[in-house]
Amino acid sequence: MNDVENYIKDILKERKIHFTLIDPDEQTPKEALEIATAAIEGGTDGIMIGGSTVEGDDVEKTCKILSDNIAVPIILFPGNINSVSSYADAIFFMSYVNSTNPYWINGAQSLAAPLVKKSGIEVLPMGYMVVEPGGTVGWVGDAKLVPRNKPKIPSIYAMSCELFGMKFFYLEAGSGADKAIPTKMIAYSKKATDDMILLVGGGIRDAEAAYSAARAGGDIIVTGTVVEETNNVKTKISELTQAIRKASEE
Ligand SMILES: CC(C)=CCC/C(C)=C/CC/C(C)=C/CC/C(C)=C/COP(=O)(O)OP(=O)(O)O
Ligand SMILES: O=P(O)(O)OC[C@@H](O)CO
Ligand SMILES: [Mg+2]
């Protein structure tokens, strides 16, 4: 797919979006294709590929098999500089805005920049902010985690990301978190910016959580762990996508 940013914007004119995150570490590329196919049948709008740890050429192989077989966009959600593949349609080129380590703020991005430019994949510039509990990515990324009871903090980071020209802002509670991002926090970040696209993820497992995140102002609701936990991906994803569609109508 060519223009992923416009694909996203076109859907957002009508309704909110659901993306499925597939961690290439967790299964073979063939199994990843089965998951992606079932998720698409369940109504997901795109597949994100990434994990906080990456082994060998898992990203490359997973992106290749998906690009040969699925029609929705494949977007890299890189955990580090080795998570780039030209078989993807786009990359969330993200700065980890509440990391205390410059490597995650603009170091990894600079090291990966030549490869990203050479690969020719579409770049989706994004601010990435990790909220308590934060999970693996909070620890790996040396984050100053946002306290859950301070809902306004991410909104000023979202503003600064918008002023830097970033188009996307991601509120992350950590993969597999026991609690998703508080709805007030989502609402403040959405209201603080003019037309940034807000992603919300981490710990969203059921219709109610997906609905609340979308209703509060999330534009793109991301779920990953649920597809690893369920034995019926299509049914689970369709529960989530229906809840997100319902939130869009109200
Ligand atoms: C732009 C480029 C090339 C790199 C940016 C690198 C940055 C800033 C990364 C942020 C830090 C990081 C490790 C992000 C990982 C995000 C991610 C893919 C989380 C989900 O991964 P899982 O593998 O499901 O998490 P677990 O390991 O906890 O399962
Ligand atoms: O695995 P889950 O908890 O759905 O989180 C998805 C994503 O926000 C992780 O980066
Ligand atoms: Mg994982």
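# Briefing: ligand sites, cores and local geometry

Glu-208 lies in helix α8, which spans residues 207-216; helices (DSSP runs of H or I, at least four residues) and strands (E, at least two) are numbered from the N terminus. The structure is a predicted model, in which local features need pLDDT of at least 70 and side-chain atom pairs count only at pLDDT 80 or more, whereas totals for chains, interfaces and linings use all residues. Residues are numbered from 1 along each chain as its sequence is written, chains are lettered from A and ligands numbered from 1 in the order in which they are written, and side-chain values use heavy atoms, with hydrogens and water left out. The model contains a ligand 1 surrounded by 18 residues and a ligand 2 surrounded by 13 residues.

**Ligand 1**

- Among the 18 residues around ligand 1, the closest are Asp-23, Gly-51, Ser-52, Thr-136 and Ser-175; a residue is counted if one of its heavy atoms lies within 4 Å.
- Several polar contacts (pairs of N or O atoms within 3.5 Å; within protein, one must be able to donate a hydrogen and the other to accept it, and residues adjacent in sequence count only if both atoms are side-chain atoms) are described below.
- The side chain of Asp-23 places an N or O atom 2.6 Å from an oxygen atom of ligand 1.
- For the side chain of Ser-52, the distance from an N or O atom to an oxygen atom of ligand 1 is 2.4 Å.
- Ser-175 also takes part, with a polar side-chain atom 3.1 Å from an oxygen atom of ligand 1.
- Ligand 1 taken alone exposes 740 Å², and the protein buries 94% of that area; such areas come from the Shrake-Rupley method with a 1.4 Å probe, and for residues only the protein chains shown count as cover.
- The largest pocket is the space taken by ligand 1.
- Strand β4 (90-96) and helices α4 (102-119) and α5 (135-140) are the elements that give two or more residues to the shell around ligand 1.

**Ligand 2**

- The closest of the 13 residues surrounding ligand 2 are Glu-172, Gly-176, Gly-203, Gly-224 and Thr-225.
- An N or O atom in the side chain of Tyr-170 is 2.7 Å from an oxygen atom of ligand 2.
- The backbone contributes through Gly-176, where an N or O atom lies 2.7 Å from an oxygen atom of ligand 2.
- At Gly-224, a backbone N or O atom is likewise 2.7 Å from an oxygen atom of ligand 2.
- Taken alone, ligand 2 exposes 300 Å², of which the protein buries 96%.
- The largest pocket is where ligand 2 sits; a pocket is an open set of points on a 1 Å grid over the protein atoms alone, where a 1.4 Å probe fits, with protein on both sides within 12 Å along at least five of seven lines, and a molecule sits in it if more than half of its atoms lie within 2 Å of its grid points.

**Nonpolar cores**

- The largest nonpolar core has 53 residues, of which Ile-49 and Phe-169 touch the most other members; a core joins buried Ala, Val, Leu, Ile, Met, Phe, Trp, Tyr and Cys residues through side-chain atoms within 4.5 Å.
- A second, separate core holds 26 residues, including Phe-77, Val-130, Val-137 and Tyr-170.
- Tyr-170 of this second core is also the residue whose side chain approaches ligand 2 to 2.7 Å.

**Accessibility and position of selected residues**

- Glu-208 counts as exposed because its relative accessibility is 61%; the classes are buried under 20%, exposed over 50% and partly exposed in between (1.4 Å probe, protein chains only).
- Glu-208 and Glu-34, 174 residues apart along the chain, have C-alpha atoms separated by 26 Å.
- Lys-236 belongs to helix α10 (residues 233-249) and is buried, with a relative accessible area of 18%.
- A polar atom of the Lys-236 side chain lies 2.8 Å from the backbone oxygen of Arg-205.
- Asp-58, in helix α3 (residues 58-69), counts as buried at 19% relative accessibility.
- Between Asp-58 and Gly-46, 12 residues apart in sequence, the C-alpha to C-alpha distance is 19 Å.
- Met-1, in the segment before α1 (4-14), counts as partly exposed at 38% relative accessibility.
- Met-1 and Asp-89 are 5.9 Å apart in space, C-alpha to C-alpha, although 88 residues apart in sequence.

**Backbone geometry**

- Most residues other than glycine have a negative phi, and most peptide bonds are trans.
- The peptide bond from Glu-132 to Pro-133 is cis, with omega near 5°, and Pro-133 is found in the loop between β5 (122-130) and α5.
- Asp-142 has a positive phi, near 50°, and lies in the loop between α5 and α6 (153-163).
- Asp-142 is partly exposed, with a relative accessible area of 33%.

Definitions and conventions
1 Å grid on protein atoms, 1.4 Å probe; cavity = no way out; pocket = protein on both sides within 12 Å on 5 of 7 lines; lining within 4 Å.
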